[in-house]
Amino acid sequence: MLSIDPTKLDRRALLRGAGALVVTFAIAPGRAGAQGRTRQQTEALETAPRKSVSADAVQGFLAIDAAGQVTVYAGKVDLGTGVETALMQIVADELDVPLGRLTMIQGDTARTPDQGATNSSLAIEKGGAQLRHAAATLRAELLRRAAARLHAASGDLRIVDGLVHAAGAEGVDIGTLAAEAPIVLETDPAAPLKPPSEYKLVGTSVPRIDIPGKVFGTFTYMQDFRLPGMLHGRVVRPPALGATLLSVDEASVRSLPGNVKVVRIANFLGVAADTEWSAIKAAQTLAATWSDVSNLPDEAHLFDYVRATPVSQEAVTSNAGDVAHALAESRRRLSATYDFAIHTHGSIGPSCAVVEVKDGQVMCWTASQATHNLRRQLAACLDVSAEQVRCIYLAGAGCYGRNGHEDAAADAALMSRALGRPVRVQWMRQDEHGWDPKGAPVLIDLEGAVDDGGKLSAWRGTFFYPKQTAINVTLLGSELAGLPSDAGMDPGGVLNDTAIPYRCANVRTVVRRLATTPLRPSWIRSPGRMQNTFANEAFLDELATLAGKDPLDLRLESLDHDHRGAAVLERVTTLSGWRTRPRPDPRAEVAVGLGLAYVHYELSRTYVAGVAQVEVARSTGKVRVRRVFVAHDCGQIINPDGTRNQIEGNVVQTMSRVMKERVTFDRKHVTSLDWSTYPILTFPEAPDVVIDLIDRPDMAPLGVGEPSSAIVPAALANAIHDAVGIRMRSAPFTPEKVSKALQRA
Amino acid sequence: MRSVPLRVNGQTFQVDVDDPDMPLLYALRDNLNLKGPRFGCGLAQCGACTVHVDGQSARSCVLPVSAVGTSEVVTLEGLGTPERPHPLQQAFIDEQAVQCGYCINGMIMESGALLRQKPHPSVDEIKQALANNLCRCGTHLRIVRAVQRAAHA
């Protein structure tokens, strides 16, 4: 058994493990004051060992006990993507220990270094690199210790299955070596990494260690976590964005069983009860009066609203030559506008957290992708120091970005503080669909030209995105309660992939950062990169048509001597039979088409090319996606099956988003509050996904969790064009929109 | 408060219930501490809460506990164990047919009901049987492969 089950740990042992929390509390008494310390805390202060959480120290990431068991402390967390297993493969290989000796602690602010939020496909690329270097440094130290003990040169020693020995000689276990003296080591960036040829686990499809527990019902999700004496909480949100709570009739829930309690802080309203069902009934029953406000724009004219929103700042993401002149001079030019709907994360399990506020200390169990950030946010919300807050990660349902997990933590924290008991808050479905922060609506204007030889000669992109004012998203509960949360507006890294990966003498791409957006924004899988790649790659196809060229040829000739980019394009077009594809039959009721798209993620990371094969029914506008082909180069592959699992997921999830999804709202609030009003892809609609992985063991591993999602929207739009000759520039590509476009054609 | 007998995974439990309309899901999760059936929507739209009631798949998030009566409830825990896995559980491991896994209870329980009725379904029949079970991670293809594998086990 490799993973720990935090619910099986003795709770006091968990709290004892928070040595750093108590120690720092004493060093920086903060607002609570040193006199606020309990006797137990003082004892803990004197006895608790302080676990390093330094991201620069080996002991921040790794510990070896006397039995040779290795504990990995990862600030990156497994959001259901399999990185727990992949990170263990990296560490086990670099240390030469079997996987079975490893245990991983994830996202515990008292025990794991702050490696940044688990987002942007960086868990392996950045987080794994930190762990690899820490393991390599530790390995060198173990060899030094063994050399002294065995009177051998460290160069003659090898570690095999956790045993250090010279050829033919008796060995010593790494546990014995670790027990010699505490490991206190700065990570050495120059510590020798093993050559790829010596990896035994990296590059193989090690089965994910979390899967058995998930199919037998023994895995503990955040939603399963319970504390003794815990109350069940539910939130009661305003009926309209920005409404003020005028009155609450507590008598309306008095007759319900379960000792219902009402918590009101300004516009924050919640209920708690002894049982979960009582809390749900109370939230449904509680009578509250809110001010009648209508703060949202007219959804029917959403993109006019986006275009008219005041611009706070402009970011120029690429600039060369003289675009205005080149466009004006060109005889073959085009312009087009693309838009992309508001999306919800749509986690299958609504957001959940358990928080205990007690004696000035805050314990928070959370499925947050950024426990260290959440710690600072909760501290701001509760007006305590960050050292008084400990956040511990437990996996929730997939979040695909910053969903409502952090908000649920704030809800639980506010209720626990008010009630003096641990509180578990789980959102209901309408809370999740209605109040998770959203992927913002995106509007993109493109202009381009080709020269007489059909080469790309001018390209101008104007992108409309909400501005960024902070790295954390405002906690909803804090906002409603009129409290701070060390946060602001952040739609994610949306500047990425606004610039194009192609050679063009005259190019200018500008991002207008808007002062506001209708619904609280955050990031959803591949934020910005997906929408930007949609517009850029669909527009490139429009220019290819203008140039009279095959879209593949225009891409290949425009790539700036990038052999890895060319390789994924060649591989995917071979895989899909691109060069020999039949011409669509213009008279057929159901037309079949192929569409190509390419991304060099953030112009510096993973390479992906995709081809979608679709059927379009002319009479209904219904699009069936038969198959999506993907060629993928993420450098060194850590776990091939895990990589395939992520690519399949990216394709299917993004197809759902692009073909079906749109958050709807009236002037007061979101109206797509369940799965019937916000439908997602179902099994009968799922396409086949055919994958060609390019492994480059001698190169650095790059991100996998997002890049292959970025190519899906344009591949689908281009395939629809190939089939029936219409340009789908507004996602989602619903049958209504396809039908309208067919009628116009 | 009254005590209701409930047959779950071959055992009889007495469950204290304030409200006979309380859905079965809360009795399973909160009273019996089972983790297989999961809350997803409370609306019978997603399938994360699926259990078997007398061998038929049922959405425990909308089934009143008082309506269960003497029926036999089986949850994911009752389907198989690591020592004696159900063919579907083994197939989901073999196919690595999980991402976050929150929906997987429903996928296995719904497929279990299908295979009992139709031991060798076609791919289309599997997809139709799972048409009302939602997965957000996009694990659909692996899930279908796992059900096919279990059907041929």
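**Figure 1. The contact between chain A and chain B draws on 49 residues from chain A and 47 residues from chain B.** This is a predicted model. On the side of chain A that touches chain B, the elements giving two or more residues are H8, helix H9 (276-285) and helix H19 (640-660) of chain A. H19(A) supplies the largest share, 8 residues. Sorted by class, this side of chain A holds 21 nonpolar, 20 polar and 8 charged residues. The predictor assigns the complex an ipTM of 0.98 and a pTM of 0.94.

**Figure 2. Helix H3 of chain B spans residues 87-94 and has buried residues.** Leu88(B), Gln89(B), Ala91(B), Phe92(B) and Ile93(B) are the buried ones. Their cover comes from both chains: it includes helix H8 (211-216) of chain A. From chain B, it includes helix H2 (76-79), helix H4 (104-117) and helix H6 (140-151). After H3(B) comes Gln96(B), with a positive phi near 50 degrees. Chain B has a mean pLDDT of 97, and 100% of its residues reach 70 or more.

**Figure 3. The largest nonpolar core contains 225 residues.** Ala413(A), Leu716(A) and Ile720(A) touch the most other members of this core.

**Figure 4. A second, separate core has 43 residues.** Among its members are Ala92(A), Leu122(A), Leu143(A) and Ile638(A).

Definitions and conventions:
Residues are numbered from 1 along each chain as its sequence is written. Chains are lettered from A and ligands numbered from 1 in the order in which they are written. This is a predicted model: local features need pLDDT of at least 70, side-chain atom pairs count only at pLDDT 80 or more; totals for chains, interfaces and linings use all residues. A nonpolar core is a set of buried Ala, Val, Leu, Ile, Met, Phe, Trp, Tyr and Cys residues joined through C-beta atoms within 7 Å. A residue is buried if 20 or more other C-beta atoms lie within 10 Å of its own, exposed if 12 or fewer, and partly exposed in between; C-beta atoms are placed from the backbone. pLDDT is the predictor's confidence in each residue, from 0 to 100. Helices (H or I, at least four residues) and strands (E, at least two) are DSSP runs, numbered from the N terminus. Two residues are in contact if their C-beta atoms, placed from the backbone, lie within 7 Å. Ala, Val, Leu, Ile, Met, Phe, Trp, Tyr, Cys and Pro count as nonpolar, Asp, Glu, Lys and Arg as charged, and the others, Gly among them, as polar.
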